[in-house]
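Visitor: Hi, I'm new to this one. Could you put it up on the screen and walk me through it?

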Amino acid sequence: MFTPVAEDFFDAPTLELTRSLIGQILVHELPEGIVAGRIIETEAYMGAEDRAAHSFGNRRTKRTEIMFGKPGLVYTYQMHTHTLINVVAGPEDTPRAILIRAVEPVEGIELMAELRGRHMPIKQWTSGPGKLTKAMAITMDYYGHHFLEKPLYIAQGEPVQEISVGPRVGIGNSLEAVDYPYRFWETGNPFVSKFR
């Protein structure tokens with residue numbers, strides 16, 4: 001039903017990949033069933049020269065180590081109580097990553113409802129990077145996994161008609177990096193995260 005993207009999909013330049021992830025499908029095959037969401041919002045973090053990136057100045061720590069790996073690897077990290085999921089991008093030893101900020105549920109709606117709580121409107125299930133990992137049962141265990149391999153993978157979706165570009169969210173202390181137009185989203189999609 002879902003076909004993983006081509007092997008060379010992740011080899012694109014980082015900003016190009018950030019844009020081309022829009023419309024692809026994030027799939028998690030769970031024992032209870034499949035949950036999947038169309039990726040509708042992404043943010044690029046450009047490594048050594050990007051003050052908002054964890055790897056700014058080529059910072060290499062236990063947490064950022066995977067960012068120096070090959071493109072298409074999974075970089076998960078925790079923020080407050082949330083797990084956030086990223087796609088490692090750029091050539092090896094160029095520590096870049098793309099945050100998946102929001103998805104639109106396409107499969108496993110019942111399962112997502114259980115994971116997120118039925119009291120909540122569906123538009124709030126996956127409209128943010130910490131929300132979507134909860135709705136899709138994605139944990140820190142996927143750190144270092146590759147997005148071509150099951151049970152967590154990126155599958156081929158349909159092209160998106162219109163994509164908007166703007167500054168990233170929640171990086172207020174990053175000086176000039178605050179204004180970089182590294183966030184991409186499907187124009188008008190109600191599942192896009194709220195820009196504060």
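**A walk through the model**

Guide: Let's begin with the largest pocket, which holds about 790 Å³ of space. Before going on: this is a predicted model, where local features need pLDDT of at least 70 and side-chain atom pairs count only at pLDDT 80 or more, while totals for chains, interfaces and linings use all residues. Residues are numbered from 1 along each chain as its sequence is written, and side-chain values use heavy atoms, with hydrogens and water left out.

Visitor: What counts as a pocket here?

Guide: On a 1 Å grid over the protein atoms alone, a pocket is an open set of points where a 1.4 Å probe fits, with protein on both sides within 12 Å along at least five of seven lines; lining residues have an atom within 4 Å of a point. Points are joined across faces, edges and corners, and the volume is the space filled by probe spheres set on them.

Visitor: OK, and which residues lie nearest the centre of the largest pocket?

Guide: Met 79, Leu 84, Arg 101, Pro 129 and Val 169 do, out of 38 lining residues. By class, the lining has 15 nonpolar, 13 polar and ten charged residues. Here Ala, Val, Leu, Ile, Met, Phe, Trp, Tyr, Cys and Pro count as nonpolar, Asp, Glu, Lys and Arg as charged, and the others, Gly among them, as polar.

Visitor: Which strands and helices supply at least two residues of that lining?

Guide: Strand 2 (33-45), strand 3 (74-79), strand 4 (82-89), strand 5 (96-107) and helix 3 (129-135) each do. Helices (H or I, at least four residues) and strands (E, at least two) are DSSP runs, numbered from the N terminus.

Visitor: How many helices and strands are there in the chain?

Guide: Three helices and eight strands. Along the sequence the pattern reads α-β-β-β-β-β-α-α-β-β-β.

Visitor: And what's the radius of gyration?

Guide: The chain has 15 Å, which agrees with the value near 16 Å that a compact globule of 196 residues would have. That radius is taken over C-alpha atoms, and the globule rule is 2.2 Å times the number of residues to the power 0.38. Along the principal axes, the C-alpha atoms fill a box of roughly 45 × 35 × 35 Å.

Visitor: What share of the residues is buried?

Guide: Buried residues make up 54% of the 196. Buried means under 20% relative accessible area, exposed over 50%, and partly exposed in between (1.4 Å probe, protein chains only).

Visitor: Switching to helix 2: which of its residues are buried?

Guide: In helix 2 (residues 109-116), that's Leu 111, Met 112, Ala 113 and Arg 116. They pack against strand 1 (25-30), strand 2, strand 5 and helix 3. After helix 2 comes Gly 117, with a positive phi near 105°.

Visitor: Which peptide bond is cis?

Guide: The one from Lys 150 to Pro 151 is, with omega near 10°. Pro 151 is in the loop between helix 3 and strand 6 (152-155).

Visitor: What about His 80, buried or exposed?

Guide: His 80 is exposed, because its relative accessible area is 72%. Its place is the loop between strand 3 and strand 4, and its phi is positive, about 55°, although it is not a glycine.

Visitor: Last one: where does Ser 174 lie?

Guide: In the loop between strand 7 (163-166) and strand 8 (183-186). Ser 174 is buried, since its relative accessible area is 5%. Its side chain reaches the backbone oxygen of Ile 171 at 2.8 Å. Not counting residues up to four places away in sequence, Ser 174 touches Arg 51 and Ala 52.

Note on methods
Contact means heavy atoms within 4.5 Å. A polar contact is a pair of N or O atoms within 3.5 Å; within protein, one must be able to donate a hydrogen and the other to accept it, and residues adjacent in sequence count only if both atoms are side-chain atoms.
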